[in-house]
Amino acid sequence: MTLWRPLLGLAAFGALWELLPRIGAVPARWAPPLSRVVQELLVEVRQPRFWDAIRDTLLTWAIGLGIAVAAGIVVGVTIGAIPLLRTVTASTIEFLRPIPSVALIPLVVLLYGTTIRSALVLVVYASFWQVLIQVLHGVADVDPVARDTADVYRLPKVRYLYWPTALPYVATGVRLATSVALILAVTGEMVIGAPGLGKQIWLAQQSDAVPLMYALVLVTGLIGVAANVLARFAERRALAWHPSVRREVPA
Amino acid sequence: MLIVNKLSKVYDAHGRRVEALADITFSVAEGEFACVVGPSGCGKTTLLRCLAGLLAPTSGTATVQGKLAVVFQEYGRSLFPWLRVRDNVALPLKNLPKDERRAKVTNALEAVGLTDAAGAYPWQLSGGMQQRVAIARAIAYGPKVLLMDEPFAAVDAQTRADLEDLIRDIWQRLGVTLLFITHDIDESVYLGQRVIVLSAAPSRVAEEIVIDLPDERDQLTTRGDARFVELRGRVYAQIQKAKRGST
Amino acid sequence: MTIVRRIVVLLGLPVALVAGWWFASAGSTDFFRPSLQRIMQAFAETWLGPRLVDEVLPSMIRFVLGYAAALLIGVVVGVAIGLSPKARATAEPVLEFLRAIPPPVLVPIIMLFTGIGDTTKIIVIVSGCVWPILLNTVEGVRAIDEVLAETCRVYRIKPLRHLVLRASSPQIVTGARQALAIGLILMVISELVAASGGLGFTIRQFERGFQIPEMWSGVLLLGLIGVALAGLFHLAERRTLAWYHGSRDADRK
């Protein structure tokens, strides 16, 4: 397991970020060197508003994700388990799914103002679809032989059939929803003004605090990476014991 | 023709050194049909891949004179799923003028009995038919040497019998040099003019057995023939010896 | 009988929902939640006119340009990285970091360089769309069946031309589909943040000016555009990936 290549890549990226602004290849006013950004970050880390913002973003993200996953699983398993429901709702789902979450922004601003709740609605809406689609695929993927077996032995289907089959898909859905949720949380904060990292970035932009802006973007990116890694780890664990490892179904 | 001289291949798998081939030396004359058999894991596929130029030997040489074609065991994965059968067969011939290409494709498909399936996609066909497409593609390419890596291992017995006869028929008509790798002892004796038995890994050539059965062979009578049974027994005994590690 | 049944199944629930919305909101005096009838009226007045060309069309053109650029960059770079395990290992952590940055967050940064014009909006769209395409392309190229690759080597078939793109196209399409949704979102956001015209900007103006039915109608239009794009994508995908769906179905049997 060679680590030097990935580290080399990161180092090269860092070096470019440091050098290009310094030699003037990129205007330093618009793109401060990495060291300047880190410096700014170290100052910002001492401000309570920084940690409040992180807390707000993480809360919005986690709560929204939680609601979306729960709703997605319940709705998905219910619809998936009842063939009639599946056929009747199929077209509605296909119509509602592509509606961009940003379309809700004006509505949500009107109804809930610039509170966390606004961002939360966006997060739940966008993440719900990710989970629902995967769960529906999962339930549809049930092995017909397994279903027949469950019928013969009168096993409760949801517990012994649908849930185990759908579990890897649920894990994939959660992974997809995780990154979508973070994007929408930060977007909501930036565009609506709900409290959080997104709002801090917007404020930094308004007050022309360019290094601070970059520092906050860096932090957001790192949070995103951490979230992705966690979600992928959880997904691999859910898939590991599952007999047939499945690929992500195109959402 | 085909010459293998002191071929050895050592893999580096997860820090362990795996010596698949130790010292393989044999040759196949032009137009000859030779089969390679050996115990499981003796490196038959490695040998073929060295011959095909897909793998570099650790030492020694594996040379093929003339254009070569390969028919893989996993027929399903060797055909391009986005191309129809006739386009699959035609793909290696893209440098030829259209008419010549079309003629070769038609002839090749006819030779394997798949003229009707020319417009189908490979995944619409059965396993045996897919392998025929792979064979047709190899034939159309016009090779001097044909390497086949356990091509019939993954088809059912009935289809295998048909394909065995098909390949002998094609070999006789085209006069290619054929190296056929198999783990099926009966098949190797039925098909080949010579059977090369490999030892267990790290493999060497354990024995080369000349199959002096008549050129006209058929599934029913040849397999019941006394000489067939005798040769088969020899190969079997040799493989048992090879499995136990004595060369 | 089956045609009728299929139409009922297909349209039944949507029609029922729309009808329910219509009647539930009819005669509504809630300022923030006007009746569906009023919204439809505003839709016709607002969008079926000069605004379609002045605001909606430029938005869609920017979207198409940004999406196309993202496709080109994503596939070219993705193939280059995917073909080389060394390049993949080197680039992976950097790509992971860059793609984890929520694209809207980059808008202020992009605005620093290119102001609030069309260029910014297109770059914003590219900055978000390129990641799912690039990463999925890398994955698709990486997962090309080695038997196919070996077949190309034996028969001297040029893999770049005949194998790489086709074999990885299912995975690329997955990325392109994700990028479609992201692109639409970014199109709107770029107009909300770099406020100077476009569909998203117009909707926001309505919201700020408390022209509520107009705002709702804009939201509706966005939804319809999303659905239409998804539908177009589905049609395009069915044609280019017909072989893939066929072979997957065959595998399943």
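**Exercise 1. Find how many residues of chain A and of chain C meet, and how much area they bury.**

Solution.
Step 1. Count contacts (heavy atoms within 4.5 Å). Chain A puts 52 residues in contact with 53 residues of chain C.
Step 2. Take the buried area, the accessible area (1.4 Å probe) that two parts lose on being put together, summed over both. Between chain A and chain C this is about 4,700 Å². Carbon and sulfur atoms give 77% of that area.
Step 3. Pick out the residues of chain A that lose the most area to chain C: A:Arg5, A:Trp30 and A:Leu110. Together they make up 13% of what that side buries.

Ground rules: this is a predicted model, where local features need pLDDT of at least 70 and side-chain atom pairs count only at pLDDT 80 or more, while totals for chains, interfaces and linings use all residues; side-chain values use heavy atoms, with hydrogens and water left out. Residues are numbered from 1 along each chain as its sequence is written, and chains are lettered from A and ligands numbered from 1 in the order in which they are written.

**Exercise 2. Identify the salt bridge between chain A and chain C, then sort the chain A side by element and class.**

Solution.
Step 1. Look for a side-chain nitrogen of Lys or Arg within 4 Å of a carboxyl oxygen of Asp or Glu. The count between these chains is one salt bridge. A:Arg232 pairs with C:Glu96, with the closest N and O atoms 2.8 Å apart.
Step 2. List the elements, taking helices as DSSP runs (H or I, at least four residues), numbered from the N terminus. On the side of chain A that touches chain C, two or more residues come from each of α1 (4-22), α4 (83-96), α5 (105-112), α8 (157-192), α9 (197-206) and α10 (210-240). α10(A) gives the largest share, 12 residues.
Step 3. Sort by class: Ala, Val, Leu, Ile, Met, Phe, Trp, Tyr, Cys and Pro are nonpolar, Asp, Glu, Lys and Arg charged, and the others, Gly among them, polar. This side of chain A has 36 nonpolar, 12 polar and four charged residues.

**Exercise 3. Decide which pair of chains has the most contacts, and whether chain A and chain B are joined or apart.**

Solution.
Step 1. Two pairs of chains touch. Chains A and C have the most contacts among them.
Step 2. Check chain A against chain B. No contact joins them. Their closest C-alpha atoms lie 10 Å apart.
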